[in-house]
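This briefing covers side-chain contacts.

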Amino acid sequence: MRLGLFTAILTVSIAMNGFSQPANKGSIGERSRVKIGLNFYSFNSPLQSGELTVFDVIDYAASIDMECVDITGYYFPSYPQAPDDEYIYEVKRCAFRNAIDISGTGVRNDFTKPDAAEREKEIRLVKDWIVTGAKLGANTIRIFSGPDTPAGYTWDETAKWVAEATDECAEFGKQYGVIVAIQNHNDFLKTAGDVNKFLSLCKSDNVGLMLDIGCFRTSDPYIEIEQVIHHAITWQIKETVFIHGTETKTDIKKLMELIQRNNYRGYLPIEILGKGNEKERLKTFFNDLKKEVIPVNIL
């Protein structure tokens with residue numbers, strides 16, 4: 001009953017806003033409203049080494065007043081297998097005690113594999129983690145398209161089967177209230193043009209974009225961000241972007257003006273890359289980002 005109501009509300013909302021994908025955007029004239037948080041990949045090295053646990057990272061995010069966490073699936077001890085319910089619910093309780101939203105989870109899948117049987121294994125992985133995400137209370141699951149166009153095939157041929165796999169996962173996600181967020185990762189999806197063309201092939205209204213600002217690398221990333229922002233349902237906000245292939249410090253003011261001018265409403269997880277001083281770098285970047293958030297009008 002509840003799942004049916006969720007699906008109906010989501011469908012009506014999308015229809016009213018005119019989007020084929022469930023982009024997070026307020027009504028015309030409304031201000032953007034965001035919650036800034038943490039993507040767990042920021043602590044990849046200490047999480048992989050066992051220096052930090054999932055619980056430690058949630059505690060830290062709360063200690064600096066972040067509002068959400070995106071808990072990448074790799075950091076659950078059982079990955080790629082889904083964790084058992086006892087572990088899932090302990091993570092959920094930890095987030096609840098810290099007043100932290102679990103905005104999403106994610107997997108390392110590859111839908112560009114030419115062999116249909118191999119793709120089916122990747123689809124099964126995503127579906128298993130959709131169920132995990134629902135148990136966590138996550139809104140999205142981040143997936144990849146795949147590394148690149150496989151030898152002997154065209155981009156269009158590959159995009160067709162990647163879109164079919166994405167749609168299958170998205171329709172499965174509807175049953176659990178979890179939206180599939182495909183990430184532009186400088187892989188099969190390299191440019192804003194790739195993203196828009198690919199999402200036009202997806203038939204499900206339960207697919208959106210995890211907009212990774214650091215993975216548009218061939219031109220002006222701010223222009224490309226604006227070209228795809230209507231698909232964004234979550235983000236990876238990074239310390240640097242690539243302007244015509246050159247790594248450059250992110251212009252936080254320019255980025256936040258773009259996000260808010262386009263009326264985005266939703267989560268903005270930060271992903272700090274590289275080793276060393278993760279906590280201090282994250283805290284500094286988070287505070288700089290917060291300074292540029294325009295308060296929502298209070299009626």
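The whole structure, a predicted model, holds 20 salt bridges. It holds 0 disulfides. Aromatic pairs number 11.

**Salt bridges between distant parts of the chain**

- Asp 156 and Lys 197 join their side chains in a salt bridge, at 2.8 Å from N to O.
- This pair links distant parts of the chain: Asp 156 belongs to helix α6 (residues 155–174) and Lys 197 to helix α7 (residues 192–201), 41 residues apart.
- Asp 156 is partly exposed, at 44% relative accessibility. Lys 197 is also partly exposed, at 40%.
- Lys 238 and Glu 271 form another salt bridge, with 3.3 Å between the closest N and O atoms.
- Both ends of that bridge sit in loops: Lys 238 between β7 (232–236) and β8 (240–243), Glu 271 between β10 (265–270) and α10 (278–291). The pair therefore ties together parts 33 residues apart in sequence.
- Lys 238 has a relative accessible area of 5%, so it is buried. Glu 271 is buried too, with a relative accessible area of 6%.

- Asp 288 pairs with Lys 291 in a salt bridge; their closest N and O atoms are 3.8 Å apart.
- The two residues are 3 apart in helix α10, so about one helical turn separates them.
- Asp 288 is partly exposed, with a relative accessible area of 29%. Lys 291 is exposed, at 64% relative accessibility.
- Elsewhere, Glu 90, Arg 93 and Arg 97 belong to one network, joined by salt bridges that share partners.

**Cysteines**

- What does the search for disulfides return? The count is 0 for the whole structure.
- Cys 68 is buried, at 0% relative accessibility.
- Cys 94 is buried as well, with a relative accessible area of 3%.

**Aromatic pairs and a cluster**

- The search of the whole structure gives 11 aromatic pairs.
- In one, Phe 55 and Tyr 87 have ring centres 5.7 Å apart and planes at 65°, so this pair is edge-to-face.
- Phe 55 lies in helix α3 (residues 54–63) and Tyr 87 in helix α4 (residues 85–97). The contact therefore ties together parts that are 32 residues apart in sequence.
- Phe 55 is partly exposed, with a relative accessible area of 22%.
- Trp 235 and Tyr 264 form an edge-to-face pair, at 5.6 Å centre to centre and 75° between the planes.
- That pair also links distant parts of the chain: Trp 235 is in strand β7, and Tyr 264 is in the loop between α9 (252–261) and β10, 29 residues apart.
- Are Trp 235 and Tyr 264 buried or exposed? Both are buried.
- One aromatic cluster is formed by Phe 55, Tyr 74, Tyr 75, Phe 76, Tyr 79, Tyr 87 and Trp 129. The Phe 55 and Tyr 87 pair described above falls within this cluster.

**Charges over rings**

- Which residue lies over the face of Tyr 74? Arg 108 does, at 3.8 Å from the ring centre. Tyr 74 is itself one of the cluster residues.
- Arg 142 places its charged end over the ring of Phe 144, 4.2 Å from the centre of that ring.

Technical notes:
Residues numbered from 1 in each chain as written. Predicted model: local features only at pLDDT ≥ 70, side-chain atom pairs only at ≥ 80, totals over all residues. Heavy atoms only, no water. Salt bridge = Lys/Arg side-chain N within 4 Å of Asp/Glu carboxyl O. Helix = DSSP H or I, 4+ residues; strand = E, 2+ residues; numbered from the N terminus. Buried < 20%, exposed > 50% of the residue type's maximum accessible area, 1.4 Å probe, protein only. Disulfide = S-S within 2.5 Å. Phe/Tyr/Trp six-rings, centres within 6.5 Å; stacked < 30°, edge-to-face > 60°. Lys NZ or Arg CZ within 6 Å of the ring centre and 35° of its normal.
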